[in-house]
Amino acid sequence: MDNPYLADITRGIFKENPIFRLVLGMCPTLAITVLIKNGLGMGLAVIAVLTCSNVVVSSLRRYIPEQVRIPCYIVIIATFVTIIEMVLQAYVPALYAALGVFVPLIVVNCIILGRAEAFAGKQPVLRSLCDGIGSGVGFTLGLLLLSVVREIFGSGTFLAETNYAVQLFGPNFEPMRIFAQPAGAFIVLGLLLALTNIVFKRLQID
Amino acid sequence: MVRLVLTLVAVTVVAAALLAGVDLITAPVIAERQEEDYRSALEEYFPAMARYESKELEEDSFDLVYDKTGGLLGVMASSAVQGYDDQISYNLALDRDGLILGLRIVEHSETQGVGDVIEKPEFQSQFLGRHCRDPLQLGEDVDTISGATISTEAMILSLRRLLSAAAENFFDFAEEAPLDIAALPDGVYRGSGEGFGGEIGVAVTVEGGKIIDLEIVEHNEKPTYLAEAVALIPPQIIEGQTLDVDTKTGATESSAAIVSAVREALLKALSEEEDSEGGESDG
């Protein structure tokens, strides 16, 4: 691809998808993908934080000495996460109530530190912005894929706890609880990793 | 070296300043919103509320809600308990007679799709209408939700403690008299209890201060479950002349419903005698 900005975006979605290719940020991925609503909410929050932190890290890259870059990145990331948490709680309480516990978790999502270290710390601001959006979208798509599978099998619903909730099976359906548990998260993740490996190989994406 | 320190200091100072600024703007909005939420919950449970008065007791706080004329409408209790993951904080609304109007989970971090059942009617409905002196015995009159045993058991135990604190301090009623079967006048009495499929109605025949017969007159249970409950519960009640029977069968809900239906029927019988209306029964 000729356009480097477009390439930055698509690379985060396919070739370097945080979940299926880099296998980064597994802790929140496994923890929250019980419901589609959570996956989407977490994904959107990560897009916001990742884009902001990438831009700030990139614009400060000439002023931050090599030796202290990691603590600086962490402070920057934590600051954005906390700001987003406070703003959500004050002005979008419904979303805050839904995400509650997961917002602070974004700080320790290593995809954000990973992109700061691997990309934004070395690249110009605009390309870092594109990389942040691309990786964020890639992460969100991965979360959605996992949470769709886990919600359907683990709860027997689609888009539960939203206005579009659908009960997929009859009232006597006994959901396969394992899919809603951490062990089920690992199983689904493993299967999806295998599946994406096959697909990517066939399509010769890398 | 100096540059390293200066950079770190600069980054953290800017971050702290930013956070302080955002907090300054959002903190009052957040506090106001929580207060508003609590107030609207109060108004939902007590529509005639005019004012409320707060009382702190050890771990819990209670808001006594009054109407315009100063009459007590009920009590809103607030408490917190350690759940599976973290603290669960909740409000419990009691009407002026000490009956549970509602349970409101304020904040929790239980597992989504598992422990968060504490927020749902599936778990909460079993408390509605209960009296603050009800024993809330695990597995008998209240149940944990399987799969979320830790969260639900923690809630039930905490509710029990909160209810007894409320009963002691705000609802100074005489203890419920134990059922004296021997004092029952002869007759056939009807009562009903909530089973698995719906109401279970019973007809209890009392003769000479003894329960001599117990019949299911209406139900909406699955026949197999009902059959199991009927095979186990009535013989225990009739043989032991007691309602203190083991309802842990393969059909716990149906069994418990039969017991509570019998209790209702017998209470009716007793109150009729006290009112000296006597023999006004279906028999």
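I began with Glu44(B), which I found in helix α1 (residues 2-45) of chain B; helices (H or I, at least four residues) and strands (E, at least two) are DSSP runs numbered from the N terminus. The model is predicted, so I note that local features need pLDDT of at least 70 and side-chain atom pairs count only at pLDDT 80 or more, while totals for chains, interfaces and linings use all residues. Residues are numbered from 1 along each chain as its sequence is written, and chains are lettered from A and ligands numbered from 1 in the order in which they are written.

I looked up the exposure of Glu44(B): this residue counts as partly exposed because it has 13 C-beta neighbours inside 10 Å (20 or more make a residue buried, 12 or fewer exposed, with C-beta atoms placed from the backbone). I also noted that its C-alpha atom is separated by 9.8 Å from that of Gly102(B), 58 residues apart along the chain.

Next I turned to the sheet of chain B. I read an open sheet of 3 strands in the order β6-β7-β8, with antiparallel pairing (strands pair if DSSP finds at least two bridges between them). β6 (187-194) and β8 (210-218) of chain B stand at the edges with a single partner strand each, so one side of each has no neighbour in the sheet. I counted 7 bridges between β7 (residues 199-207) of chain B and β8(B). Glu207(B) has Lys210(B) in β8(B) as its bridge partner.

Last, I checked the interface. I found 25 residues of chain A in contact with 20 residues of chain B (C-beta atoms, placed from the backbone, within 7 Å). On the side of chain A that touches chain B, α4(A) supplies the largest share, 10 residues.

Note on methods: Two residues are in contact if their C-beta atoms, placed from the backbone, lie within 7 Å.
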